[in-house]
Amino acid sequence: MFQTRIIKKQLHFKQPAGTSRGVYTTRNVWYILLTDTGSRHYGVGECAPLPALSCDDIPSYDEVLATACKNLEKNGEIDREALLPYPSILFGMETALLHFRARSLQFWHTPFSKGKEGIPINGLIWMGNFDEMYRRIGEKMQQGFRCIKLKIGAIDFEKELELLAHIRRHFTPAQIELRVDANGAFSPADALEKLHRLSEFQLHSIEQPIRAGQWNEMARLCAAPLSHCTG
């Protein structure tokens, strides 16, 4: 029989993390500790919605999570259909259950999980002022990143284009892959024009140019031959 415990923590960013919705200095996370009365095994899962960005960043988050945990204790399984609107909770519960069943943190048997191979990732540049972002780009390049992802939409758009131009003056698309994430900063009215200008820098993709839920507008942007938009 499963037993659950919810542990809520507040994490502090090492440096302010800017997005188009504001600047993060802290964020809340919820850890689910899953145990079984018949054994000493346990599983841990993390629920970590981003304030003002995640679709399940809601005032009743604690209550929804508590109800989901009680249902798991009662039924012995996750009610996935009920949790589809709360992806961070579903992720945390699935992770806790996988951890519990695997009896270790090695959920999968792959070269990566065995420590034999790595997975290439992008160097993320959080929003900041021009000088801060310029410095961070240089640091990521010196660290050997060959894919740079910039958060855009918080400072002047022309300044953001300058940052992209700086990278392209020194590195071709074959040398550095560029991605940008607007976190919904563009309006449907000006998004297409901004995508045109961004396309000059041969970007790999443009993540969430407009806010979530604007399905028709997003379809129109994705149909533009120049763009590779993701929601």
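This is a walk through the predicted model shown above, from the whole chain down to single residues.

The model is predicted, and local features are taken where pLDDT is at least 70, side-chain atom pairs where pLDDT is 80 or more, while totals for chains, interfaces and linings use all residues. Residues are numbered from 1 along each chain as its sequence is written, and side-chain values use heavy atoms, with hydrogens and water left out.

Let's start with the whole chain. Its C-alpha atoms fill a box of roughly 60 × 40 × 35 Å along the principal axes. You will find 7 helices and 8 strands; these are DSSP runs numbered from the N terminus, with helices (H or I) of at least four residues and strands (E) of at least two. Of the 231 residues, 35% count as buried. Here buried means under 20% relative accessible area, exposed means over 50%, and partly exposed lies in between, with a 1.4 Å probe and protein chains only. The chain exposes about 13400 Å², and carbon and sulfur atoms supply 53% of that area; accessible areas come from the Shrake-Rupley method with a 1.4 Å probe, and for residues only the protein chains shown count as cover. Among contacts (heavy atoms within 4.5 Å) between residues at least 6 apart in sequence, 59% join residues at least 24 apart.

Strand 2 (residues 22-36) and strand 3 form a hairpin with 5 residues between them, and they pair in the antiparallel sense over 6 bridges. To trace this pairing on screen, look for Leu 34, whose bridge partner in strand 3 is Gly 43, and Thr 35, whose partner there is Tyr 42.

In strand 3, the covered face holds Gly 43, Gly 45 and Cys 47, while Tyr 42, Val 44 and Glu 46 are on the uncovered face.

The structure holds 10 salt bridges. In one of them, Glu 94 pairs with Arg 80, the closest N and O atoms being 3.0 Å apart. This pair links distant parts of the chain, with Glu 94 in helix 3 and Arg 80 in helix 2 (residues 80-83), 14 residues apart. Glu 94 is partly exposed at 28% relative accessible area, and Arg 80 is partly exposed at 40%.

Lys 149 is in strand 5 (residues 147-151) and Glu 207 is in strand 7, 58 residues apart. Lys 149 counts as buried because its relative accessible area is 16%, whereas Glu 207, at 27%, is partly exposed. Both belong to a network of salt bridges that also links Lys 151 and Asp 181.

Most residues other than glycine have a negative phi. Gln 208, however, has a positive phi near 45 degrees. Gln 208 sits in the loop between strand 7 (205-207) and helix 7 (215-223), and is buried at 12% relative accessibility. Asn 183 likewise has a positive phi, of about 50 degrees. Its place is in the loop between strand 6 (177-181) and helix 6, and at 5% relative accessibility Asn 183 is buried.

Our last stop is helix 6 (residues 188-198), where His 196 lies. His 196 is partly exposed at 43%, and its C-alpha atom is separated by 9.2 Å from that of Ala 224, 28 residues apart along the chain. Leu 192 lies in helix 6 too. Leaving aside neighbours within four places in sequence, Leu 192 is in contact with Arg 220, Leu 221 and Ala 224.

Key
Pairing = 2+ DSSP bridges. Salt bridge = Lys/Arg side-chain N within 4 Å of Asp/Glu carboxyl O.
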